Amino acid sequence: MHMAYCVRCGVKLEPGSTECPLCKTKVIAPDDVVGSPQGAPLFPASGEDGRTVYQRLDKNRKGVIELVIAFMAIATITLVITSFALGASFSPWLPIGLVILGGSYILVAFFVQPIYTRIASWYVPITVVLLAIIDLNDLSLSWSVAAILSVVLYWFVAVVPWIFPKRRLKEAVATSVVAVAAYFPALDAAVSGALDWSLEIALPTYGVVLASLGFLVLRMYKGKPSVTDIVLSLILSACWGVVAGDFFHLRSIDARKLLSWSSSVFIVAVCLLVFLTLNVTLRRVRNYFNNRVV
Amino acid sequence: MPLDNSAIIYPPTVARYNTHTFRLSMDLSVEVLPERLLTALEHVVDRFPYFAVSLHRGFYWYYFLPNKAPLAVYPDAPHPCGYIHPKRSANGYLFKVRYTNRRIAVEYFHALTDGTGGLVFLKSLVAEYLKLSGFDVEPDDQVKLPGSQVESEEAEDSFERFYRPLKSVFGFETSAFHMSSDGGLTDDVQVISARILIEDLKRVSASRNVTITEYLVAELIDAMQRVQEANISAPRRYKPIRISVPVNIRKVFGSKSLRNFTLFIVVGIDARLGHYSFDEILNQVMHQMRSEVNAKTLSKQVARNVAGRRNFAIRYAPLVFKNPLMKLLSDSYGDAIYSTTISNIGNVSLPKGMREVVDRLDFHLSPSKTNKVSCGAIGANGYLTWSFTSILRENTMFEREVLTALVEKGIPVEVATNREPDEREER
């Protein structure tokens with residue numbers, strides 16, 4: 001077996017070592033002396049995939065699952081018999097769908113690994129199907145489209161970011177931001193059949209809020225704003241959102257005024273902006289004269 | 001079920017850098033299938049009902065309750081001996097079974113059991129896994145296969161059984177030397193593992209008429225002395241160097257308990273008196289260890305462990321007051337009085353059927369914020385695996401001093417680590 005020795009410590013190094021773990025001296029030797037990693041490493045490298053295997057069914061869980069399936073079967077049979085008895089006046093379609101989907105909610109908790117993202121990722125499609133079934137009772141989809149879009153938005157905003165590993169925070173945030181941006185035109189198209197308010201009001205307002213929040217993120221990235229700064233900046237972003245909503249709405253109806261009911265909010269936003277600017281400036285001046293590193 | 005007498009200190013003193021966990025692992029020559037391992041675990045846990053418990057906080061004490069939650073096996077992690085959360089880490093269990101495609105490992109919270117109890121559980125788990133894989137494992141004292149009789153003695157707190165009341169058993173030592181945190185700390189436990197032929201160690205230790213454990217302890221003290229001399233310029237600021245050595249007292253007292261039944265003896269040198277040669281250290285270690293490890297001296301420690309718990313004021317003080325007190329006592333009179341720990345499980349005998357399949361055993365002991373490097377040693381198949389677990393992000397001086405000293409004495413040492421090469425390049 002090929003194996004290198006540390007020239008300083010004299011210890012044998014495991015095959016494939018690039019340096020001595022004791023003194024950090026680099027291994028400089030031909031490949032056939034260094035060798036390649038053999039057998040199992042001391043510990044798996046970080047990020048190596050593996051799966052946690054859970055005990056899926058113990059006696060209690062098995063009992064509950066059997067009970068749920070039994071209830072679902074009994075309810076379905078009862079509904080079918082009732083529909084035969086009542087004839088055309090009763091359609092079992094909706095209640096059977098609800099029974100099966102309600103049971104599925106419970107069964108998911110027993111079969112899926114108890115991790116928020118996995119459970120939520122299962123509940124989202126079940127909820128989508130449930131909403132569609134309820135709405136399809138009259139053989140057409142109407143209100144459920146908006147509801148389904150909202151459920152999908154929830155998945156993108158509240159589940160997907162947690163699926164990303166921590167080191168990919170930027171991608172996670174970007175996914176949520178894009179999902180919200182896509183939600184407005186999708187909802188607009190689904191409800192009114194055309195891109196109307198979403199392009200004229202929602203997306204520009206969303207852009208203003210994002211820009212304001214982006215400015216705060218930039219400040220946090222570059223320096224260390226105080227908690228007061230962060231809270232006030234968040235309030236400021238909300239104010240800009242309100243003002244922008246009013247502004248773009250007035251533009252969409254070709255009103256003469258720049259702002260209507262949000263004038264007072266605009267004044268609050270300007271005051272906050274002035275306060276924050278003064279706060280930052282005065283702190284920098286104070287730090288400059290105190291010779292403190294900002 | 002109450003915690004045993006030596007376990008009560010662990011829950012209140014758990015901290016970020018002090019997880020009070022240990023890990024035992026076996027590398028196999030057969031593939032480990034997680035589903036089969038889970039089945040083996042379910043079978044084995046039925047045989048070890050006192051391990052199927054969760055930790056709860058009472059008004060006066062922590063206590064165990066039977067845990068019926070589903071079991072799980074987890075993929076192995078890059079760093080051993082992580083914190084086992086009493087509620088969230090392993091469905092409330094105080095052990096965590098990990099696997100790779102060729103390894104089965106179990107990490108234990110020390111409140112549950114000690115190294116011997118942990119080894120019996122791991123051996124039983126691996127034996128059951130091999131049985132499910134079609135291997136024929138011969139019976140062994142330390143393999144408790146499902147279906148065998150559960151002896152009540154296995155779950156007993158042997159400290160209570162062997163307690164003899166004694167007065168004035170408390171004595172305090174001065175603080176010992178501790179390595180500094182140069183280079184920073186990390187809660188991802190860093191491991192340097194040394195594999196040494198037991199024959200080589202036997203040869204060297206026998207030539208000096210000491211046991212392998214005594215020899216290893218002497219090497220640790222000698223290395224720690226060099227670390228102290230390198231880091232502290234003024235000899236007047238030197239501190240004693242002491243090593244804590246857990247001793248399995250089951251054989252001494254004749255106990256079959258699989259819960260904690262270990263006592264710690266502290267041996268060392270007083271570096272304030274001058275530099276000790278290796279022979280002087282070996283002499284000190286040999287005499288101190290041999291005078292400590294006997295039933296009478298150990299009874300004193302058993303009495304000390306139990307007396308504290310039986311004290312009226314302590315027994316009926318609410319846990320909310322006891323916890324900070326125990327933390328203070330542990331930091332001031334526990335970790336502070338020794339420089340590091342070495343736990344030597346010894347040479348593990350494996351039954352026929354398992355011996356052919358098990359390639360290697362490892363034993364890792366969690367370090368603490370005071371004693372930043374801990375050592376665990378275990379022997380099997382002719383090799384001793386000596387693992388140094390450390391929370392020091394970069395500093396490996398102590399490990400280097402110990403292992404190069406062995407090499408200089410003609411003992412070949414093979415080292416492996418989980419330290420990232422990139423991390424080391426930042427130095």
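**Entry 1**

The model is predicted, so local features need pLDDT of at least 70 and side-chain atom pairs pLDDT 80 or more, while totals for chains, interfaces and linings use all residues. Residues are numbered from 1 along each chain as its sequence is written, chains are lettered from A and ligands numbered from 1 in the order in which they are written, and side-chain values use heavy atoms, leaving out hydrogens and water.

Helix α6 spans residues 212-231 of chain B, and its axis comes within 9 Å of that of α12(B), crossing at roughly 130 degrees. Axes here are lines fitted to C-alpha atoms, for helices over the stretch in contact, with angles from 0 to 180 degrees between N-to-C directions. The two helices, α6(B) and α12(B), are therefore oblique to each other (under 35 degrees is roughly parallel, over 145 roughly antiparallel, 65 to 115 roughly perpendicular, the rest oblique). I noted that helices (H or I, at least four residues) and strands (E, at least two) are DSSP runs, numbered from the N terminus.

Who touches whom? On α6(B) I found, among them, Y215(B), L220(B) and M224(B), and on α12(B) residues including F398(B) and V402(B); contact means heavy atoms within 4.5 Å. This contact of α6(B) with α12(B) divides into 11 nonpolar, 1 polar and 3 charged residues (Ala, Val, Leu, Ile, Met, Phe, Trp, Tyr, Cys and Pro are nonpolar, Asp, Glu, Lys and Arg charged, the others, Gly among them, polar).

Next I followed α12(B), residues 397-408, which lies across β7, β10, β12, β13 and β14 of chain B and runs at about 160 degrees to β13(B). I traced an open sheet of 8 strands with mixed pairing, in the order β1(A)-β14(B)-β7(B)-β13(B)-β12(B)-β10(B)-β8(B)-β9(B). The edges are β1 (12-13) of chain A and β9 (262-269) of chain B; each has a single partner strand, so one side of each is left without a neighbour in the sheet. Strands pair if DSSP finds at least two bridges between them. I checked β10(B) and β12(B), which pair in the parallel sense over 5 bridges, and saw S343(B) opposite G376(B) in β12(B).

**Entry 2: α2 and its neighbours**

In chain B, the axes of α2 (residues 34-47) and α3 (residues 115-132) come within 9 Å and cross at roughly 125 degrees. That makes α2(B) oblique to α3(B), and the crossing is right-handed. The contact includes L37(B) and L41(B) of α2(B) and F121(B) and L125(B) of α3(B).

I also found R47(B) and E154(B) joined by a salt bridge at 2.9 Å, N to O (a side-chain nitrogen of Lys or Arg within 4 Å of a carboxyl oxygen of Asp or Glu). R47(B) sits in α2 and E154(B) in the loop between α3 and α4, 107 residues apart.

**Entry 3: a pair in chain A**

Last, I looked at α5 (residues 143-163) and α6 (residues 169-192) of chain A, whose axes come within 9 Å and cross at roughly 175 degrees. So α5(A) and α6(A) are roughly antiparallel. Their contact has 16 nonpolar, 3 polar and no charged residues.

Terms used
A crossing is left-handed if the near helix is turned anticlockwise from the far one by less than a right angle, and right-handed if clockwise.
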